[in-house]
Amino acid sequence: MVKKMRILRILGFCLMCFAGFNAEAFSILTRKEDTNTQVLRVASFPDYFPFGYVSRDSRNSLVLDSVFIKTLEQYVSQKDYQIERMPFETLNEAMSALRENGADVFVGAYYASSAFDYLEFVFPAVLVNPVHLMTTPDKIQKLHKLDDLKNMKGIYNAEEYFADYVKDKLKEMGVEPVASADEAYRQILTGEADFLLGSYYYNYGKTVEMGLKGYVSFSTKALWDMPMFIAISKDMKNAKTVHELFRRLVANPDFAENMKKNLKIIMKEKEEQSQGVVPPMYVRQVQENELTPADELLREAN
């Protein structure tokens with residue numbers, strides 16, 4: 001009996017040791033898996049809603065948001081990859097970080113732009129950013145083709161980001177730069193300029209944000225389209241593997257469809273946040289019109 005009890009004690013001790021070993025082994029394996037998770041440091045435009053925009057949270061910390069990032073986080077496995085948002089305050093800071101290995105990925109890049117010549121692009125483009133003409137509701141009805149713009153003063157917002165070939169088109173047309181969105185809308189609403197050229201989503205968001213919805217009309221068709229890509233730093237760790245991950249992702253029709261859905265959600269949120277905004281003083285010089293080519297276009301685009 002004593003011998004049997006001794007054997008049972010030995011077996012119990014061995015089981016405890018084995019259980020302890022398994023727990024420790026599992027803990028080690030888990031930590032090892034955690035260390036294999038690759039952090040993808042993602043940058044974007046800091047001030048180009050909705051493709052990249054930086055704001056401050058309740059703690060006054062910078063936060064980067066983007067329709068690209070919102071969609072990526074729905075698809076990229078948190079087990080293998082973790083997306084870290086890099087909220088740079090200027091595009092130059094973001095570019096420097098990509099050059100100096102302080103960031104890995106740029107979302108929303110224009111292909112063949114000199115600003116991104118050290119990045120590797122992932123094809124195909126996930127989103128297309130359309131360039132539209134904007135003017136007052138009464139003038140929009142008289143414009144049907146580019147020839148109608150002859151002998152008219154055109155402007156564009158110098159703060160906006162354009163693909164290189166669109167910059168060339170603006171130069172060919174003799175369209176003049178102005179300092180800001182506010183200055184651009186002021187000029188077309190007061191008659192100082194006849195029309196504004198700019199990307200649809202950025203400018204629609206601006207007009208809503210500034211209380212100008214209904215005062216600025218958008219052309220029903222885009223003049224040009226600017227494809228927007230995910231681009232990867234050639235110097236990042238495992239660049240080839242990450243490139244293949246994104247290549248398979250952007251080729252997935254479901255991914256592109258969800259990108260468009262998120263774009264629609266972001267635009268709707270912007271409208272809700274901007275309800276009740278009082279338009280700038282110069283709007284009083286303009287007769288209020290009921291518009292809505294912009295509304296119709298938003299529905300068509302989504």
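Author: Start with T207. Leaving aside neighbours within four places in sequence, T207 is in contact with Y185, L212, K213, V216 and F218. Contact means heavy atoms within 4.5 Å. This is a predicted model: local features need pLDDT of at least 70, side-chain atom pairs count only at pLDDT 80 or more, and totals for chains, interfaces and linings use all residues. Residues are numbered from 1 along each chain as its sequence is written, and side-chain values use heavy atoms, with hydrogens and water left out.

T207 lies in helix α7, residues 200–209. Helices here are DSSP runs of H or I with at least four residues, strands are runs of E with at least two, and both are numbered from the N terminus. T207 counts as buried because its relative accessibility is 1%. Buried means under 20% relative accessible area, exposed means over 50%, and partly exposed lies in between (1.4 Å probe, protein chains only). The T207 side chain also reaches the backbone oxygen of Y204, at 2.8 Å.

α7 is mostly covered, with eight of its 10 residues buried. Those are Y200, Y201, Y202, N203, Y204, G205, T207 and V208. Just after α7, G211 takes a positive phi of about 75 degrees.

In α6 (residues 181–190), the buried residues are A181, A184, Y185, Q187, I188 and L189. Their cover includes α7 itself, together with β7 (119–135), β8 (154–157), β9 (176–178) and β10 (195–199). G191 follows α6, and its phi is positive, near 90 degrees.

Now to another part of the model. V107 is in strand β6, residues 105–110. V107 counts as buried because its relative accessibility is 0%. Its contacts, leaving aside neighbours within four places in sequence, include F51, F68, L72, F229 and I230. V107 and F45 are 62 residues apart in sequence, yet 8.1 Å apart in space, C-alpha to C-alpha.

The axes of α2 (residues 67–75) and α9 (residues 253–273) come within 9 Å and cross at roughly 130 degrees. Axes are lines fitted to C-alpha atoms, for helices over the stretch in contact, and angles run from 0 to 180 degrees between N-to-C directions. The α2 and α9 helices are therefore oblique to each other. Among the α2 residues making the contact are F68, K70 and L72; α9 contributes residues including F255, M259 and I266.

K70 brings in D65. Leaving aside neighbours within four places in sequence, D65 is in contact with G52, Y53, K70 and R85. D65 sits in strand β4, residues 62–65. D65 counts as buried because its relative accessibility is 17%. Its side chain makes a polar contact with the side chain of R85, at 3.2 Å.

Last, D57 is in the loop between β3 (52–56) and β4. D57 is partly exposed, with a relative accessible area of 26%. The D57 side chain reaches the backbone nitrogen of S61 at 2.8 Å.

Key:
Parallel < 35°, antiparallel > 145°, perpendicular 65-115°, else oblique. Polar contact = N/O pair within 3.5 Å; in protein donor to acceptor, adjacent residues only side chain to side chain.
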